[in-house]
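Dear colleague,

I am passing on the structure below, and after it you will find notes on what was found. Please read the notes with the coordinates open beside them.

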Amino acid sequence: MAMLVADALTENELLKLRRDQELDRFDEVWEGMYVMHALPNDEHQQIVNRLSLALTLWIEDTGLGQVRPGVNLASDASNWEHDYRCPDVVVFLNDSPSECHGAFWTGGPDLAVEILSPRDQTPSKIDFYTKVGVRELLIIDRDPWRLELRRLDAGALPVVAVGETGGEPIESESLPITLQLAPGEQRPQIVVRHTQSDQSWVV
């Protein structure tokens, strides 16, 4: 159920409550419209944590770039709070045109990751990611489990590879990694392989 708050006093009270209780960490603003997101569940946070660790080892610790478990990614540095999104994991390589402004980044990351949750709005964020120049977008769907890799091409982010449980790995063009969904006891496991060292990491 969507909710439209037209009363300014109620709006300000609600925003203050979310900030005071630190519930706004994953909220976004879509061209001036405040979008509230529920806190991710434990599985979601585990995937963010383990994927960020693997990418940190292979990208950040080797001096190739920077890895963040979520940032405010803005379309306009001069008015960033009017329009920004918060991908779950991002990678900025050293030659990326992206720029860190402290509270937010501008310019498309080399890889952005979105992990789908119930009532997720990721499909509605693809145009924004295209506009800011995200080089690759990895979408992790958990119902049913599926990996979808999109790649920037001629002003669009079309799907270039799909990974199903037990299927072949999909390969990133921007980072030296492949990703594969392998069967697991409680849920499929995301196997991330570093193509330069052949090391693997299970997410």
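**Overall picture**

Among contacts in the protein (heavy atoms within 4.5 Å) between residues at least 6 apart in sequence, 47% join residues at least 24 apart. This is a predicted model, in which local features need pLDDT of at least 70 and side-chain atom pairs count only at pLDDT 80 or more, while totals for chains, interfaces and linings use all residues. Residues are numbered from 1 along each chain as its sequence is written, and side-chain values use heavy atoms, with hydrogens and water left out.

The secondary structure comes to 3 helices and 16 strands; helices (H or I, at least four residues) and strands (E, at least two) are DSSP runs, numbered from the N terminus. Of the 203 residues of the protein, 43% count as buried, where buried means under 20% relative accessible area, exposed means over 50%, and partly exposed lies in between, with a 1.4 Å probe and protein chains only.

**The sheet and its helix**

An open sheet is formed by 6 strands in the order E3-E6-E9-E10-E11-E12, with mixed pairing; two strands pair if DSSP finds at least two bridges between them. Strand E3 (65-68) and strand E12 (159-163) are the edge strands, each of which pairs on one side only. From one strand to the next the twist averages 15°, with axes taken as lines fitted to C-alpha atoms, for helices over the stretch in contact, and with angles running from 0 to 180 degrees between N-to-C directions.

Within this sheet, E9 and E10 run parallel and are joined by 4 bridges, and the bridge partner of Glu114 is Ile139 in E10. Strand E11 (residues 145-151) pairs with E12 in the antiparallel sense, also over 4 bridges, and here Leu149 stands opposite Ala161 in E12. Of the 7 residues of E10, 6 are buried, so E10 is largely enclosed by the rest of the structure.

Helix H2 (residues 42-60) lies across E3, strand E6 (89-93), strand E9 (111-115), strand E10 (136-142) and E11, and runs at about 170° to E3.

**Aromatic rings and cysteines**

The count of aromatic pairs comes to 4, under the rule that rings of Phe, Tyr and Trp (its six-membered ring) pair if their centres lie within 6.5 Å, with planes under 30 degrees apart counted as stacked, over 60 as edge-to-face and the rest as tilted. The rings of Trp80 and Tyr84 have centres 5.0 Å apart and planes at 50°, so this pair is tilted. Trp80 is buried, with a relative accessible area of 16%, and Tyr84 counts as buried at 10%. Phe92 and Trp105 form a stacked pair, at 3.8 Å centre to centre and with 5° between the planes. This second pair links distant parts of the chain, with Phe92 in strand E6 and Trp105 in strand E8 (residues 105-106), 13 residues apart, and both Phe92 and Trp105 are buried. One aromatic cluster is formed by Trp80, Tyr84 and Phe104.

Arg85 lies over the face of Phe128, at 4.2 Å from the ring centre; a charge sits over a ring if NZ of Lys or CZ of Arg is within 6 Å of the ring centre and within 35 degrees of the ring normal.

The structure holds 0 disulfides, a disulfide being a pair of cysteine sulfur atoms within 2.5 Å. Cys86 counts as buried at 11% relative accessibility, whereas Cys100 counts as partly exposed at 43%.

**Loops and backbone details**

Thr122 is found in the loop between E9 and helix H3 (126-132) and is buried, with a relative accessible area of 1%. Leaving aside its neighbours within four places in sequence, Thr122 is in contact with Glu114, Leu116 and Ile139.

A cis peptide bond joins Asp143 and Pro144, with omega about -5°, and Pro144 lies in the loop between E10 and E11. In the loop between E11 and E12 sits Ala154, a residue other than glycine whose phi is positive, near 55°; Ala154 counts as exposed at 81% relative accessibility. Asp198, although not a glycine, has a positive phi of about 65° and is found in the loop between strand E15 (189-194) and strand E16 (199-202).

With best regards
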